[in-house]
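This briefing is meant for a reader who is meeting the structure for the first time. Please keep the sequence and the model in view while reading the notes that follow.

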Amino acid sequence: MSEYYKILVADDNHSDRLILSALLKKEGHSPILAENGQMAVELYLEHRPDIVLMDALMPVMDGYEATLRIKEIAYAESEMVPIIFLTSLQEAGALARCLEAGAEDFLSKPYNRVVLKAKLKSFGRMRDMHSRLQKHNRQLVIEQHVAKNIFDNVVHLGSLNADNVNYSLSPLAIFNGDTVLAEKKPGGGMHLFLGDFTGHGLPAAIGVMPLAEIFYGMTNKGYAIEEILKEINRKLRRILPVGIFCCGTMIELDYFDGIARIWVGGTPDAMVYSSEDDSIRSIPSKNLPLGVVDNESIQIAIEEVPMRVGDRIFCWSDGIHESRNITGEMFGEQRIKDTIIRNTSRENIVVTLVDAVEKFMGEAERDDDITVLEAKMIEYQEQDTSQPLARPSHTVVGPQDWTMDYRLQARSLANYNPLPMILQILTEVESLKFMRGQLYTLLAELFSNALEHGLLQLNSSLKQDPQGFVQYYHERTRRLETLQEDAYIRVSASHQPWDQGGELTIQVEDSGPGFDFQSVMAKKQNNHEYSGRGLPLLNKICDSLEYLDRGNVVVAKIIWPRTKQKI
């Protein structure tokens with residue numbers, strides 16, 4: 001950059017102004033002259049000089065006050081303007097006052113041309129360097145904002161705008177290690193995740209994108225939270241450097257059964273608020289953060305919590321309860337509970353909680369990201385199964401006439417979820433991808449009926465109250481552990497193309513004793529209530545539903561679209 005600058009000279013002595021002006025012009029600079037401090041401030045605003053030479057003692061406004069005002073203007077605009085005091089003062093205290101006012105240096109009268117030239121050159125280089133750094137910084141900020149838009153488009157693809165989800169992300173920087181994810185499950189319900197990576201800024205945010213990719217992809221395919229957490233842990237363990245890991249809370253909401261499954265790994269206790277009695281239940285962390293140990297060593301402990309419609313789950317990063325006020329006191333868990341209970345009638349408790357934290361902190365400086373997530377239990381809403389979706393052309397794209405047969409034995413049934421893999425095969429037919437939610441619901445109901453009622457002989461009537469829920473799932477776990485080795489579930493599927501659309505047949509067989517399906521069908525004909533959602537829901541999804549053998553074989557057919565003309 002040029003070594004010739006616009007230089008503001010503020011001095012009430014006419015002779016000194018003329019001398020400095022002549023010296024500056026001789027060096028190639030452009031002088032701007034002011035008779036007092038007030039005029040210096042006005043001329044600074046008008047001309048934006050590169051360097052200021054400021055006399056200390058002037059009428060109207062002295063050099064100290066003028067320097068303070070010019071520095072405030074420059075600071076507000078992220079600019080740097082070196083100010084050199086012109087003074088005949090020799091006392092150390094008076095010279096120190098010049099620097100305290102914001103000046104970078106001082107020049108004693110009478111002026112030495114060589115010294116003046118050297119100082120102008122030095123401070124000019126300093127200003128030029130600052131200008132280059134500011135330009136570079138502005139470019140970095142622009143690039144970060146562009147990257148942040150891309151980042152948000154990847155990370156926030158899901159259902160964070162759902163009516164039963166509220167959240168707040170208040171980062172310290174453009175990028176941060178806190179994240180909130182939410183996505184609807186293909187068969188109904190929702191998965192949610194609040195994550196808090198160690199550190200701040202871009203290094204902490206590195207792991208968020210692969211985490212989000214796994215979360216959304218596996219949720220859309222119907223994987224359970226245990227499988228999603230293990231895959232996230234495997235990925236983070238492989239790609240993150242030592243010392244960076246992800247504390248988190250993951251939630252699965254089952255709207256039909258009214259149950260939440262909650263995993264907490266390293267974040268503060270999650271809280272479940274009961275709308276019935278205004279009580280709060282804490283769900284403590286029983287798991288390691290993700291990315292700390294490999295999958296062979298990780299244990300996934302999940303709490304199953306019955307919830308009524310209107311009950312809420314709250315979770316947050318440690319930036320909430322560790323927020324401190326000016327005296328160093330932490331906001332703490334008890335204040336969080338009190339804030340929740342006092343404001344349950346409010347539509348968005350998250351905003352109220354964040355406001356309470358900010359009010360508590362007052363003028364204290366924040367040192368961590370603040371993230372809060374609220375999820376509310378809502379009524380189960382059945383998917384619209386009256387019109388199976390298909391491509392507008394109604395033609396088969398992908399595999400056409402095919403069959404599949406898949407059999408799982410006792411060991412696999414105890415610890416493996418086959419539904420995502422089966423769903424992936426079914427939706428290789430392009431048009432069936434548009435029915436992913438309905439197909440997953442169908443598979444989930446058929447498979448869980450075969451497992452829980454066919455093999456394990458569990459009774460759905462247990463799930464009529466919270467205590468029954470707990471008993472049901474404890475008994476389910478116990479019976480899975482003692483399942484006979486010859487137990488099996490067999491899933492068969494076939495697809496036949498039609499000239500427009502096709503017919504999908506799914507058959508599920510279990511090795512259990514079966515049930516009196518004739519009496520169940522009689523209940524249907526007499527409009528009696530079923531004990532669970534299974535049969536009513538399946539009848540809405542399928543074009544036909546038939547039980548065979550001793551009730552341990554069920555055959556479901558779906559036709560898309562509603563046409564009967566085969567090839």
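Predicted model: local features only at pLDDT ≥ 70, side-chain atom pairs only at ≥ 80, totals over all residues.

**Around isoleucine 489**

Leaving aside residues up to four places away in sequence, isoleucine 489 is in contact with Tyr406, Arg407, Leu408, Leu413, Phe447, Ala450, Leu451, Leu455, Val508, Glu509 and Asp510.

**Nonpolar cores**

- The largest nonpolar core has 74 residues, and the members that touch the most others are Leu192, Leu253, Ile262, Leu426, Leu442, Ile489 and Ile506.
- Helix H14, which covers residues 436-455, gives the most to this core, with 10 residues.
- Another core, of 24 residues, lies apart from it and includes Ala34, Ile70, Cys98 and Ala101.

**The five-stranded sheet**

- Five strands make up an open sheet with antiparallel pairing, in the order E16-E17-E18-E20-E19.
- Its edges are strand E16 (402-409) and strand E19 (544-548), each of which pairs on one side only, and neighbouring strands of the sheet are turned by 15° against each other on average, direction ignored.
- Strand E18 (residues 502-510) pairs with strand E20 (residues 553-560) in the antiparallel sense over eight bridges, and glutamine 507 stands opposite valine 555 in E20.
- Helix H13 (residues 419-426) packs on the sheet, where it touches E16, strand E17 (488-497) and E18, and its direction makes about 175° with that of E16.
- Helix H14 lies across E17, E18 and E20 and runs at about 15° to E18.

- Strand E10 (residues 259-265) is largely enclosed by the rest of the structure, because seven of its seven residues are buried.
- On one side of E10 the buried residues are Ile259, Arg261, Trp263 and Gly265, and on the other they are Ala260, Ile262 and Val264, so that both faces are covered.
- Strand E9 (residues 246-254) pairs with E10 in the antiparallel sense over six bridges, and aspartate 254 has isoleucine 259 as its bridge partner in E10.
- Four residues lie between the strands in the hairpin of E9 and E10, where glycine 258 takes a positive phi near 65°.
- Strand E13 (residues 303-306) also pairs with E10, in the antiparallel sense over four bridges, with isoleucine 262 opposite glutamate 303.

**Helix H11**

- Helix H11 (residues 349-361) has 13 residues and reaches 18 Å from its first C-alpha to its last, close to the 18 Å expected at 1.5 Å a residue.
- Its buried residues are Ile349, Val350, Thr352, Leu353, Val354, Val357, Phe360 and Met361, and among the elements covering them are strand E6 (165-170), strand E14 (312-316) and helix H10 (332-342).
- Glycine 362, which follows H11, has a positive phi near 60°.

How values were computed:
Residues numbered from 1 in each chain as written. Heavy atoms only, no water. Core = buried A, V, L, I, M, F, W, Y, C linked by side-chain atoms within 4.5 Å. Buried < 20%, exposed > 50% of the residue type's maximum accessible area, 1.4 Å probe, protein only. Helix = DSSP H or I, 4+ residues; strand = E, 2+ residues; numbered from the N terminus. Contact = heavy atoms within 4.5 Å. Expected span 1.5 Å × (residues − 1). Pairing = 2+ DSSP bridges. Axes fitted to C-alpha atoms, helices over the stretch in contact; angles between N-to-C directions.
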